[in-house]
Structures are given as structure tokens and as C-alpha cells.
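Q: Hi! Could you walk me through this complex in plain words?

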Amino acid sequence: MNKTVKWSVIATAVIAVGVGIYLAQPPALTEASPISFEILDKEKNVVGQYIVPDDTAIPQEPNAQEILYGKRLMNETKRLLPEHVGASMNCSSCHVAQGKLNMGAPYFTTSNSYPRVMPRAGKEVDLTGRINGCFQRSMNGKPLDPDSREMKAMIAYIDWVGQKVPKDQKVQIQNAGKINENLVPDPMKGKVLYTAQCASCHGDNGEGLKDSRGDIVFPPLWGDESFNIGAGMARTYKAAAFIKYNMPMGVQQHGAWGQGGVLSDQEAVDIAEYFTHMPRPDFAGKINDWAKGNKPKDARY
Amino acid sequence: MRILHKSLIAAAVLFAVAYGGAAVLPKTRVPDTVTSVDLNNDELIKRGAYIARTADCVACHTSPNGAEYAGGLAMETPVGAIYSTNITPDKETGIGNYSLAQFIGAVKHGVRGDGQALYPAMPYPSYAIMPDEDLTALYAYFMADVKPVKQQNADSTIPPVLNWRWPMAWWQLVFAPERDFVPDPNADEEINRGAYLVEGPGHCSACHTPRGIAYQELALKLSDGDEFLSGAVIDGWRAKSLRGEARGLASWSQEELEQFLSTGRTDKVAAFGAMADVVQHSTQYFTPEDISSMAKYLKNLPPVKGRETSMAAKTDTTTGDLLNGNYTSRGALLYTEHCTTCHRADGKGVERIFPALDGNSAIFANNAQSVIQITLEGGKMPETSADRMAFTMPAFNHLSDRDLAEVINFIRNSWTNQAPEVKAVDIAKIRHFVSGKAPHINATGDQHE
């Protein structure tokens with residue numbers, strides 16, 4: 001063999017080995033890409049990013065046990081607090097993906113939003129009061145003792161989700177998506193849509209679905225075990241905004257629940273009108289609501 | 001030098017013979033029958049339409065959002081993507097000019113109308129056992145009842161040399177013999193009908209049987225060897241073992257198999273990946289008799305020699321831990337946050353809505369590839385007339401490779417599940433594969449992921 005041949009063979013071998021090694025290299029590991037939102041100061045300057053925290057970060061918190069307990073109470077409210085929950089509902093039934101979904105009633109900015117004056121109450125409400133509002137309306141149950149371990153744990157979880165963003169800064173999130181409130185609902189169309197889009201999970205009679213242990217899988221949308229008439233969800237446009245962006249679940253290949261994005265505003269309003277106006281428990285405290293006026297047009301009383 | 005010379009000449013001669021032979025070989029495979037087919041025979045067309053369902057032509061020959069049978073679906077192979085072709089009766093871009101003999105040549109023997117060999121992405125080694133009467137009905141259906149669509153076929157993404165078609169002629173000689181269906185004399189008529197559907201038109205083995213170095217299926221029927229339907233990886237999905245073993249179909253009842261094939265779900269599982277297409281386009285249209293035959297045949301398949309036939313007993317401690325807030329691992333925390341809402345603390349899912357993870361043979365398969373891919377990409381159940389809604393699984397590709405490995409290991413080894421561990425690098429590999437998939441093509445020129 002002459003030199004040229006020899007060197008060509010060696011060169012080819014080196015290249016082949018190189019290519020082989022290159023091809024055998026496993027691809028680099030990908031890190032998480034969490035969802036984030038801009039944080040604005042009072043002058044609307046971007047001063048940082050709010051990153052939706054992952055539960056795997058909880059164990060590093062000094063009050064990890066309290067936060068985890070709070071999270072469990074939110075996810076399994078009915079099972080863990082049966083004395084306080086009358087309906088077959090959990091906090092996470094409406095606060096989608098443990099209160100970590102934009103437009104799904106998230107807890108992102110909740111800690112910083114209270115105390116505040118609520119039009120419905122006509123006075124200042126603090127976070128405990130707000131949570132107890134949910135217990136008495138959406139859960140059709142009884143309030144928690146504001147100093148109880150349970151209330152403190154739930155607030156610890158909400159505080160943790162909020163990630164200690166300073167109170168004078170605003171995270172650019174939406175608690176609820178937009179819906180055209182000028183649309184006139186058609187409950188008859190809503191009934192047909194309900195059967196096609198909702199009843200597979202929530203039942204033909206709105207009865208919801210429980211698992212073999214009796215725990216809630218899909219909450220009842222009307223009847224004795226549903227939220228009462230004082231709940232925000234009992235209002236047509238509030239419910240429509242919720243379902244347009246968060247329902248049905250399991251219909252998209254993205255999003256925490258694979259949720260939303262299939263109903264038009266009109267369809268969401270039609271469905272909402274239909275199911276919110278089906279029979280449901282009354283709310284005794286309703287006489288005090290909107291005592292100072294400002295009653296919204298979809299208020300139930 | 002003389003030796004070099006001689007070997008060069010020998011190589012050239014060999015190449016010429018191989019190349020020349022390849023031009024002749026396919027012609028020997030095409031039947032020379034000149035039968036006229038009555039394209040106005042409604043009964044024949046209807047039978048052909050059913051046979052098209054049993055052969056699931058539409059699933060591969062239609063791209064997402066594309067026209068039926070117009071081709072353009074990318075099929076991943078280890079060396080690149082092959083695009084399925086237009087098999088509508090369009091005379092210019094489809095098979096409108098095919099004679100019955102050419103049609104049979106293509107479907108059963110892998111020879112195109114122009115005499116070129118087809119890649120074995122087309123499952124002609126399976127279709128080979130279909131009787132010519134069925135092919136005649138199929139031909140009548142395609143010519144008379146399928147809407148012609150003008151859509152050019154796309155070239156494969158296989159690199160030059162590897163994309164040479166002529167060596168396929170020799171491949172066919174070795175790996176795609178002409179053959180007929182041989183019924184098992186010891187099995188009843190129903191099982192034999194099931195065997196025919198599975199081996200032939202159903203071409204189950206195209207995905208569920210491992211392939212050799214030349215991309216050939218290692219067995220085309222049970223008597224060929226224990227590889228038959230023993231599980232394989234195709235298009236990044238792991239097609240499960242269909243054999244009667246613990247990680248095969250041992251955990252399935254015949255009734256569950258029937259439900260699965262006709263509706264895409266059982267109370268425990270749901271079809272996903274390529275199998276969702278199979279149910280949606282093919283098996284949901286099978287007659288109850290054919291469904292039952294297939295299920296019965298599959299349930300009768302023996303385990304592969306040496307594989308476990310039952311799982312070791314395991315007590316579920318996971319459900320209690322999750323319900324009590326006892327998160328024993330990072331995987332458990334991830335599961336609670338991302339999976340519990342649908343798949344539940346007991347891993348049992350919700351009947352016909354969200355599949356169970358506990359006791360689901362797709363989950364505890366030795367090869368975790370499907371679990372990894374569906375977790376990364378999400379998935380969708382087939383739409384069938386049996387259920388009002390077909391549900392999806394969202395993609396969790398926003399989680400890190402490490403966390404995906406944690407949660408997948410949790411799922412595969414919690415409750416009563418037992419499966420080998422996956423590593424973060426396994427996730428990285430499949431993430432890399434998924435992002436490199438060739439797009440599908442349809443008539444509008446749109447490309448779809």
C-alpha cells in the first residue's frame with residue numbers, strides 16, 4: 001500500500017469513529033420551562049417575572065408541612081373537611097390546577113388582593129373572610145374558624161403560590177377570561193350543548209361523578225349537592241367566562257387539564273344560563289348581598 | 001494492483017446483475033390476469049369498502065386534515081420519513097389508471113404500477129395472504145366509490161443511496177414471499193378467521209412484531225417464530241406484545257379486547273398513538289363477529305418462551321400514601337400536582353374517560369417508550385360512535401427531563417405496577433426524536449406536525 005492509500009484509510013477510520021461517537025452521544029437534558037408572567041410596578045415598568053411555582057419546590061420552604069396541608073385541603077376539601085362542605089365540591093373544582101392556571105381562578109395574586117372592599121359585601125373583606133365566603137356559597141357549607149389550623153394552612157398555600165411579590169407590584173395575570181356580557185343567553189341551545197359537551201363528565205342530570213370511595217371526580221352542576229345560589233358560579237356570565245376557558249377538560253393536547261378553547265362566547269353563555277338556572281340550594285345570607293347597590297345584571301336575587 | 005482491478009470488475013458485474021435483476025424481479029410478482037371488474041356492482045363495492053376497513057388503508061394514506069386516501073402522512077423509519085401515497089382514483093396523481101392486475105401487484109406484492117418495488121412501509125408482506133376475490137372487491141371500491149383527489153406524492157426524506165428503490169426488489173424476493181393463509185387445523189373457524197384478520201388485512205404484525213436489520217418483520221405468522229406479535233417499537237411508539245404473557249395480553253379479558261377494538265376504550269385503558277388511528281379508522285367498523293374472532297385469536301396466543309406469565313403479587317400502598325398526604329418521593333409530588341385530577345390517587349382513572357395507570361399494560365411494559373412519548377406529546381383517544389366525547393391527554397413537555405423520569409418511574413412502580421426504571425436521558429432521547437419528526441403533507445400544501 002502506498003502512503004496516500006494508507007493515510008486515506010486512517011483518515012476515513014478517524015472520521016467514521018468521530019461520526020460514530022457523535023451519533024452515539026445522548027442529547028442534552030432539557031430543563032423545565034415554567035409559565036411566567038410579567039410583574040409591573042405602579043408606573044407600569046416591568047420589574048421582574050412571576051414564575052408559577054412547582055409543588056416540588058414546597059419541601060424547601062420553612063413551613064413546608066403547612067403549605068402541603070393547605071394544598072391537600074384545597075384539592076380534597078369535601079373529604080378532609082366534611083363538616084364545613086355541604087356541596088360535593090372542592091376548592092380545586094373551580095380553582096383549576098390547584099389555583100395555578102391563568103383565567104382558571106388562580107391564586108397568583110390572591111394574597112395581595114385582600115383585604116379589599118368587595119361590591120357584593122359592600123365592605124372590606126380580608127382573605128379569611130373571602131375563603132369563608134367560598135365555604136358558605138360555592139361549598140354550600142359552614143365557615144372555618146379564622147384561627148384554625150386549616151384556615152392558616154390554606155392561606156399558607158395561597159401565600160406560597162403568590163411567591164411573595166411585593167404588594168405594590170402587579171403580576172399580569174387574569175383571574176377570569178373575557179366574555180361578551182351583551183350576549184343574550186339561549187338556555188334551550190344551552191341544554192343541547194350541555195348534553196354534547198358537558199354531560200359525559202357532569203352527568204345528564206348534572207349530578208357529577210364520584211369515584212369508588214365516594215370522592216368527587218366531577219362536581220355536580222345542579223341539585224342538592226351543587227353550589228348554592230349565592231356562588232359566583234351561579235351567575236351566567238361568570239360561569240360562561242369560566243367554562244369558555246376551562247371547560248371541557250381533556251379536549252386539547254396542551255394546558256394543565258387539556259382544557260377549553262372549543263366553545264364560542266355565545267355557546268358558553270347558553271350553557272352557563274342553562275345549568276346555573278337549574279334547581280340548586282338557596283343561600284340564607286343573600287339578603288345582605290349588594291346592600292349598597294352595584295348589583296350585577298346576572299345576580300340571582 | 002491486479003487484485004484491486006479484478007475486484008473492481010467483479011463488483012461492477014455484480015452491481016449490473018443486481019441492478020438488472022431488480023428491474024425484472026418485480027414483473028414476476030405481478031399477476032397477469034385480465035379480469036374485468038364490474039364497477040357498477042353495488043354489492044361488490046360495499047364488500048370492498050368493508051375490506052378497506054379491515055385493511056385500514058385510510059389511516060396511513062390520509063394525512064391529518066388531508067383528503068381521504070390522498071396520502072401525505074409521514075411514516076418515520078430509522079433512516080428517514082416515507083410519505084404515504086395518493087391512492088384515490090385520480091388519473092394523474094393517484095391510482096386511477098391502475099388495472100386490477102396492477103392493483104393486486106401493488107397491494108399484495110409490493111410492486112407499483114410502473115414496475116418499481118414499494119418500500120415495506122406498505123404492509124404487502126401481510127396483505128399477501130388476502131384472496132384475489134377480496135382484492136377485486138377492494139379495487140371496485142377504490143375505483144368506483146373513492147373520490148379522486150389531485151395531490152402529488154411527496155419524496156421521502158431518506159438520504160441518497162439509502163433511498164434507492166431497486167434493492168427493494170431483492171428485499172422482496174427474500175422477505176416478502178408469495179403466500180396464502182394457512183388455517184390452523186387444530187383451531188376452530190372463529191379463531192382462524194381472527195388469525196386471518198390479524199395476519200392479513202389487519203397487518204397487526206407491521207407494528208407489533210419486531211423487525212430485523214433489513215427492516216423485515218421477523219415473523220409474519222405464529223409458525224414463523226416466537227417474534228410474532230411479541231411487541232416492537234415503531235414511529236417512536238412501543239406497540240405492545242399481544243402474546244399471552246404478563247406484560248402482553250394476559251391482563252386483558254376477551255371482553256376487554258372486544259370493547260377496546262370496537263370502541264377504543266375499556267373501563268381501564270384507552271387507545272393512543274397509532275392504535276387510536278387503527279380503532280378510529282378500522283376496527284370500530286368491524287362486524288361484531290370479526291371483533292370477537294380477532295379477540296378470541298389474540299387471547300389464544302401463547303406467551304413468548306421464557307417471558308413471565310404473571311406479575312409478582314404486590315400490595316398497593318400508594319393510594320393510602322397519596323390520600324394521607326404522605327409524599328414518599330419527588331415523583332409522588334409531581335404526580336399529585338400534574339396527574340391526580342384525572343388519573344386519581346388510586347391510579348384507577350375514570351371509567352371510559354381517563355384511563356387507569358394501575359394495572360394498565362401500556363404503563364408497566366418493559367419498554368417505557370410509549371409512556372414517555374404520550375407524556376411528552378399528549379394524545380387523543382379515537383372517536384367512535386360508542387362514546388359522545390373522545391378525550392385527550394395534554395402534553396407535559398414543559399417539565400424537565402429529570403422530573404418526567406421521576407413521575408414516569410412513580411407511575412410505573414406505584415400501586416400494583418412493576419416496571420424497569422427509566423433515566424432522564426431516556427426522556428431526552430425521545431424528546432429529541434419527537435422534535436425531529438417529519439411533518440405530514442396535505443393537498444393545501446399545509447404542513448402539520
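**Where the chains meet**

A: Happy to! In this predicted model, 30 residues of chain A are in contact with 32 residues of chain B; contact means that the C-beta atoms of two residues, placed from the backbone, lie within 7 Å.

Q: Which elements give two or more residues to the side of chain A that touches chain B?

A: Those are α2 (64-75) and α10 (199-202) of chain A. The largest share comes from α2(A), with 3 residues.

Q: And what is that side of chain A by class?

A: It has 15 nonpolar, 11 polar and 4 charged residues. Here Ala, Val, Leu, Ile, Met, Phe, Trp, Tyr, Cys and Pro count as nonpolar, Asp, Glu, Lys and Arg as charged, and the others, Gly among them, as polar.

Q: How is chain B divided into domains?

A: There is domain 1 (24-147 + 164-178), domain 2 (189-299) and domain 3 (318-440), with bounds from an automatic or database domain assignment.

Q: What about the contact between domain 2 and domain 3 of chain B?

A: In chain B, 21 residues of domain 2 are in contact with 27 residues of domain 3. On the domain 2 side, β4 (237-239) and α11 (273-281) of chain B each supply at least two residues, and α11(B) gives the most, with 4 residues. By class, that domain 2 side has 8 nonpolar, 7 polar and 6 charged residues.

Q: Last one: how confident is the predictor?

A: Chain B has a mean pLDDT of 93, and 98% of its residues reach 70 or more; pLDDT is the predictor's confidence in each residue, from 0 to 100. Over residues 445-449 of chain B, though, the pLDDT is below 50. For the complex, the predictor gives an ipTM of 0.93 and a pTM of 0.91.

Methods:
Residues are numbered from 1 along each chain as its sequence is written. Chains are lettered from A and ligands numbered from 1 in the order in which they are written. This is a predicted model: local features need pLDDT of at least 70, side-chain atom pairs count only at pLDDT 80 or more; totals for chains, interfaces and linings use all residues.
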